[in-house]
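This report describes the pockets of the structure shown below.

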Amino acid sequence: MKMLPKDYAKAVGTPFRVEKYNDATLEMYYLNDRNDFHKFASRGRFSVWTSDGINYRLFVEKGYYEAVTDLYTNEVNTIWLDFTNTIYAQQRKMSRMYMMVSMIVLLVVLGASIGLQQIIPEQADNVFLSAMVVLFIGLFVSSNRQQKKLRTLVSDENKKATQLIKDTLGETRFQGILEGQEKYYEAYYKSDDEVTEEASEEETPAQLEDSETENNSEENNNKE
């Protein structure tokens with residue numbers, strides 16, 4: 001099953017590690033080598049799992065990989081890829097179901113609308129508008145149910161995978177991963193803050209004002 005195939009194709013150079021997952025090949029690349037690395041780091045993502053539908057590639061930030069090496073043992077990779085494949089398969093199944101339900105709702109609403117317009121032609125416009133409102137509400141409710149079901153599934157499967165990893169590695173190594181993650185996050189973002197502060201001190205008032213304007217503009221766009 002394909003997972004982020006566009007990211008899969010963005011591998012740079014040769015993998016620093018190659019393993020097997022079932023009958024497929026798992027290649028590991030450093031996320032740092034990609035031009036869009038900071039897009040992931042800025043969102044707190046230091047690893048990205050991808051697949052072209054046959055083989056797999058893991059892009060992982062080098063420092064993060066070295067800080068939590070136990071998180072990427074062969075056994076843990078197998079557990080996590082099983083989890084990821086389960087989620088993607090269920091998401092795909094739900095999407096197909098949503099499309100089918102949407103088509104059924106659309107056909108029923110349009111059929112009812114056409115029938116009512118024939119019976120009361122003088123209310124044709126009102127009937128059409130009412131039909132569109134019913135259609136919108138139906139699709140909205142269906143979408144919300146799908147998303148809620150998917151979130152529940154992800155949460156449940158995540159707990160199962162995490163417990164399985166914990167059982168596989170043991171309490172000591174598992175706690176070591178959690179502590180390594182926390183320390184790395186703190187050191188990484190503290191370093192970023194220091195760089196930002198140094199850059200701000202060197203800016204002229206005009207440059208700083210332009211930067212703040214751009215930031216405010218981005219925030220407004222996100223709100224919209």
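In this predicted model, α4 provides the largest share of the lining of the largest pocket, seven residues. Helices (H or I, at least four residues) and strands (E, at least two) are DSSP runs, numbered from the N terminus. A pocket is, on a 1 Å grid over the protein atoms alone, an open set of points where a 1.4 Å probe fits, with protein on both sides within 12 Å along at least five of seven lines; lining residues have an atom within 4 Å of a point.

The lining of the largest pocket comprises 27 residues, and S47, W49, W80, F83 and T84 lie nearest the centre of this pocket. Two or more lining residues come from each of β4 (47-52), α4 (74-119), α5 (124-169) and α6 (171-202).

The second largest pocket is lined by Q90, K93, M94, M97, Y98, V101, S142, R145, Q146 and K149. Here α4 gives the most, with six residues, and α4 and α5 each supply at least two.

The table gives volumes, meaning the space filled by probe spheres set on grid points joined across faces, edges and corners. In its classes, Ala, Val, Leu, Ile, Met, Phe, Trp, Tyr, Cys and Pro count as nonpolar, Asp, Glu, Lys and Arg as charged, and the others, Gly among them, as polar.

| Pocket | Volume | Lining by class |
|---|---|---|
| Largest pocket | about 710 Å³ | 20 nonpolar, six polar and one charged residues |
| Second largest pocket | about 230 Å³ | four nonpolar, three polar and three charged residues |

Residues are numbered from 1 along each chain as its sequence is written. Local features need pLDDT of at least 70, side-chain atom pairs count only at pLDDT 80 or more, and totals for chains, interfaces and linings use all residues, while side-chain values use heavy atoms, with hydrogens and water left out.
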